[in-house]
Amino acid sequence: MKKLRWLVVGCGLLVNLPSAAVDLPAARLIVKPLLCVIDREAGQCSLTFRIRWKSEAAAEYCLNDSALSTPLRCWPSASAGTHDQQREVSEAFIYWLGAPDGTQRAAEVKIDVLRLDSPDRRRERRARHVWDVL
Amino acid sequence: MLRLIMRVTGNVLKIAALCGLASVVHAQADAPDPSTTATAVASAPPPNERSWRIGAAFGYGERTNPLIQSDDIPVLVDVDIAWFGKRWFFDNGDVGYTLFDRSSSTTSLVARVNDDRVFFGKTNTRYVNFAYAGNGFTTGLPPPAVAGGSEDPPPPVEVNPPDRDYAIELGVESLLDGDWGAAELRAFHDVSGTHGGYELSAHYSRRWTVGRVSIAPTLGFSYKSAQMNNYYWGVHADEATDALPEYHAGAGVNFEGGLVTNYYLTRHLRFALSVNYERLADEIAASPLAEDDYVVAYFSGFAWTF
């Protein structure tokens, strides 16, 4: 009897805990492009990102940029959305879709940066070996 | 023996002179420019790079083999293994120690294995009834020395391309770059006693990047000493036959042009396409051991860098 009481209390606690999976329907976030390639002559990429998202159910979603403290755009009650953003990129960052208060993330996409030039020019030594053709 | 010592000493002096010249040029180029110092200080710190660079490319490619009776060299996998420390580095078989690292140039002592030997690794024995005459040409074999002469064609003669060894070479390498592109100057001398010769080379390349595509053409030349060319491409007295006449290769210059293009799919994966053409020096091309006067290499495939 005592064990049953503890079980009921435990279940009650679990039900009352805030949960991202329960509160915010899962969503799919698609961003293009996903890569910024930087070489010697340019220290950053100037890209226009096309961002699309779709969720299983309508809810209030906000699109965020990990480099910014405030959301880029919010949709009060929607199950899909699109957004275009012109952005200068010099470091990797994340676009994420979440609740307006920023506590939950429904989906996220990382934008990578690839630097072709290196401060160590030995890394750019020419391929010289017979089997080395790149 | 004395002649050998003098010859080696002379070659080392030539290399030292070249390196000295390169160092002077570097010193002038590296002198701080008051107008650019502030910019350099204000620029963002370079990103941390891992010491190891490991990658592999899978695709299809080939390097032609200019040696007679030999197969072209297929390239299906191109493995890239390199490690860069502050001074020491290892780059796909080359071991180096950086002497100077300045804003416009990096000069290192490098030990490497000469690659000319690779052409001699895929040879076939053949029986021929002609003589190799260099530049890919052949001539009739001399008639058999039979008293009274003979109308019969000469019997086929066995021809085995000679063996050659790898050479360990030590030298100086300077890498320079700027807005104008990048250049590599190299001076290497055999320290393994294999050929006793030396090689001087210079290459220029420039890379353009647009979006995810980069394209980098390269131009260059290599001067190879008579000892080096003769060891690999000469037909030595003890190797000469009726079909493979004795030949002494002199010094010469190989010219080279290439193009490497990459399309970056992700931070680690790219599609690569490369082609390279090397025109062999006349002294090499004229050797009975040389079937072609060029080496063409190409590769197309996907490359992964960890």
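1. Start with the surroundings of B:Ser70. Leaving out residues up to four places away in sequence, B:Ser70 touches B:Asn65, B:Phe119, B:Lys122, B:Thr123, B:Asn124 and B:Pro161. Its place is the loop between β1 (52-63) and β2 (73-84) of chain B. B:Ser70 counts as partly exposed because it has 18 C-beta neighbours inside 10 Å.

2. A caution on confidence. This is a predicted model. It scores ipTM 0.78 and pTM 0.78. Chain A has a mean pLDDT of 84, and 78% of its residues reach 70 or more. In chain A, residues 7-21 have a pLDDT below 50, and this stretch has two contacts in the model beyond near neighbours in sequence. Chain B averages a pLDDT of 83, with 79% of the residues scoring at least 70. In chain B, residues 1-45 fall below 50, yet this stretch has 28 contacts in the model beyond near neighbours in sequence. Where pLDDT is low, the predicted coordinates should not be read in detail.

3. Next, the make-up of the chains. Chain B comes to four helices and 17 strands. Of its 306 residues, 32% are buried. Take the contacts in chain B between residues at least 6 apart in sequence: 62% of them join residues at least 24 apart. Chain A has two helices and six strands. Along the sequence the pattern of chain A is α-α-β-β-β-β-β-β. Buried residues make up 17% of the 134 residues in chain A. Among contacts in chain A with a separation of 6 or more, residues 24 or more positions apart account for 61%.

4. Helix α3 of chain B deserves a look. It spans residues 226-233, and seven of its eight residues are buried. The buried residues are B:Gln227, B:Met228, B:Asn229, B:Asn230, B:Tyr231, B:Tyr232 and B:Trp233. Their cover includes β12 (198-205), β14 (213-224), β15 (252-264) and α4 (282-285) of chain B.

5. On to the cores. The largest nonpolar core has 27 residues, and B:Trp233, B:Leu280, B:Ile284, B:Leu289 and B:Ala290 touch the most other members. Elements of chain B that give two or more residues to this core are β7 (130-134), β11 (181-190), α3, α4 and β17 (294-305). The largest share comes from α3(B), with four residues. B:Leu289 is in contact with B:Leu67, B:Ile68, B:Pro161, B:Trp233 and B:Val235, its neighbours within four places in sequence left aside.

6. Which strands pair with β17(B)? One is β1(B), which runs antiparallel to β17(B) and is joined to it by nine bridges. Here B:Gly61 has B:Phe299 as its bridge partner in β17(B). Another is β16 of chain B (residues 269-279), also antiparallel, with 11 bridges to β17(B). B:Tyr277 stands opposite B:Val296 in β17(B).

7. Some backbone details are worth checking by eye. The peptide bond joining A:Lys32 and A:Pro33 is cis, with omega about 0°. A:Pro33 sits in the loop between β1 (27-32) and β2 (35-38) of chain A. B:Gln69 is not a glycine, but its phi is positive, about 50°. B:Gln69 is found in the loop between β1 and β2 of chain B. It counts as partly exposed because 17 C-beta neighbours lie inside 10 Å. B:Asn92, also a residue other than glycine, has a positive phi near 50°. Its loop lies between β3 (88-91) and β4 (94-101) of chain B. With 17 C-beta neighbours inside 10 Å, B:Asn92 counts as partly exposed.

Note on methods:
Residues numbered from 1 in each chain as written. Chains lettered and ligands numbered in written order. Predicted model: local features only at pLDDT ≥ 70, side-chain atom pairs only at ≥ 80, totals over all residues. Buried ≥ 20, exposed ≤ 12 C-beta atoms within 10 Å, placed from the backbone. Contact = placed C-beta atoms within 7 Å. pLDDT = per-residue confidence, 0-100. Core = buried A, V, L, I, M, F, W, Y, C linked by C-beta atoms within 7 Å. Pairing = 2+ DSSP bridges.
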